[in-house]
Amino acid sequence: KMMKGESPVIGISTEIDIPERIAVKKKYVDAVVQAGGIPFLIPFTDDMQILRSVVSLVDALLLTGGGDVSPSMYGEIPLSKCSGICEERDEFDYALLRFACKQQIPVLGICRGMQLINTYFGGTLYQDLPEQCPSDVLHKSLDASVVSRHNIHCRVDSELYRMLGKKEVMISSIHHQAVRKLADGFKATAFADDGIVEAIESVAVKNVWGVQFHPELQAVEGDEAMKGIFGYFIRRAKDMLL
């Protein structure tokens with residue numbers, strides 16, 4: 001745990017999609033470092049005692065992107081377009097979120113991380129936007145090497161607005177699932193032009209936020225609005241300890 005005046009330790013959830021590897025994309029780490037946090041990769045394990053202990057060591061939790069959350073987590077049968085389902089990782093992330101909320105430390109969910117927060121608290125997801133909610137907004141590029149960019153509109157009565165400092169921003173988008181039924185105790189704070197929810201924040205529990213886009217990609221390139229998300233998150237982690 002950090003002492004007064006030190007940088008907060010930010011626990012970052014890891015992926016297990018590469019066989020024999022526990023990994024995290026470097027830009028999450030870079031964005032945390034850039035914002036003044038100390039990144040701490042939380043190793044994947046199904047040992048709940050270890051996870052509880054690890055979460056007790058960090059000052060905030062960052063839930064990263066990755067494969068689809070299993071529809072079984074919100075009581076649905078998977079559609080054919082569901083991919084990268086890993087129920088072990090869902091259980092791992094749920095455990096991290098549960099322990100973080102018990103400790104009342106700040107939680108930021110990015111992409112899959114936001115979807116996971118929504119389903120954990122009782123919401124549901126569109127399993128595949130092109131099939132269930134077709135629109136002109138490209139939420140995921142058809143070319144895997146290209147990140148889709150589109151505009152979002154932010155509610156001014158939100159913490160996201162305080163993070164970004166503006167109502168409209170261009171974001172980096174790599175998802176084919178999205179919030180369908182919003183979890184109780186949350187409000188949607190940003191939307192794409194087609195109405196898809198792009199950010200959520202808890203009104204029932206303090207300091208739990210999710211963004212459907214990938215702020216780390218633009219933050220590390222110097223985008224001030226996206227840096228604002230990580231800066232705010234890390235300031236809140238610091239505030240908890242003062």
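**Figure 1. Helix H8 in the predicted model, residues 224-239**. Helix H8 has 16 residues, and at 1.5 Å a residue these should span 22 Å. The C-alpha atoms at the ends of H8 are 22 Å apart, which agrees with that expectation. Residues three or four places apart in an α-helix point the same way, because there are 3.6 residues a turn. The buried residues of H8 are Ala225, Met226, Gly228, Ile229, Phe230, Gly231, Tyr232, Phe233, Ile234, Arg236 and Ala237. At the start of H8, the backbone nitrogen of Ala225 has a side-chain oxygen of Asp223 within 3.0 Å.

**Figure 2. The largest pocket**. This pocket holds about 430 Å³ of space. It is lined by 23 residues, and those closest to its centre are Gly65, Gly66, Gly67, Ile174 and His214. Helices H1 (26-34), H4 (112-120) and H7 (215-219) are the elements that each give two or more residues to the lining. H1 supplies the largest share, 3 residues. By residue class, the lining of the largest pocket consists of 10 polar, 9 charged and 4 nonpolar residues.

**Figure 3. The second largest pocket**. The volume here is about 280 Å³. Asp128, Leu129, Pro130, Lys140 and His176 are the closest to the centre among the 15 residues of the lining. The lining of the second largest pocket divides into 7 nonpolar, 5 polar and 3 charged residues.

**Figure 4. Strand S10 and its pairing with S9**. S10 pairs with strand S9 (residues 186-192) in the antiparallel sense, over 5 bridges. Within this pairing, Val197 in S10 stands opposite Phe191. The hairpin of S9 and S10 has 4 residues between the strands, and Gly195 takes a positive phi near 90 degrees there.

**Figure 5. The pairing of S10 with S11**. Strand S11 (residues 208-211) runs antiparallel to S10, and 3 bridges join the two. Val211 in S11 is the residue opposite Ala199. Between the strands of the S10 and S11 hairpin there are 5 residues; in this hairpin Asn207 has a positive phi near 65 degrees.

Conventions:
Residues are numbered from 1 along each chain as its sequence is written. This is a predicted model: local features need pLDDT of at least 70, side-chain atom pairs count only at pLDDT 80 or more; totals for chains, interfaces and linings use all residues. Side-chain values use heavy atoms; hydrogens and water are left out. The expected span of a helix is 1.5 Å times one less than its number of residues. Buried means under 20% relative accessible area, exposed over 50%, partly exposed in between (1.4 Å probe, protein chains only). A polar contact is a pair of N or O atoms within 3.5 Å; within protein, one must be able to donate a hydrogen and the other to accept it, and residues adjacent in sequence count only if both atoms are side-chain atoms. On a 1 Å grid over the protein atoms alone, a cavity is a set of points where a 1.4 Å probe fits but cannot get out, and a pocket is an open set with protein on both sides within 12 Å along at least five of seven lines; lining residues have an atom within 4 Å of a point. Grid points are joined across faces, edges and corners, and a volume is the space filled by probe spheres set on the points. Ala, Val, Leu, Ile, Met, Phe, Trp, Tyr, Cys and Pro count as nonpolar, Asp, Glu, Lys and Arg as charged, and the others, Gly among them, as polar. Two strands pair if DSSP finds at least two bridges between them.
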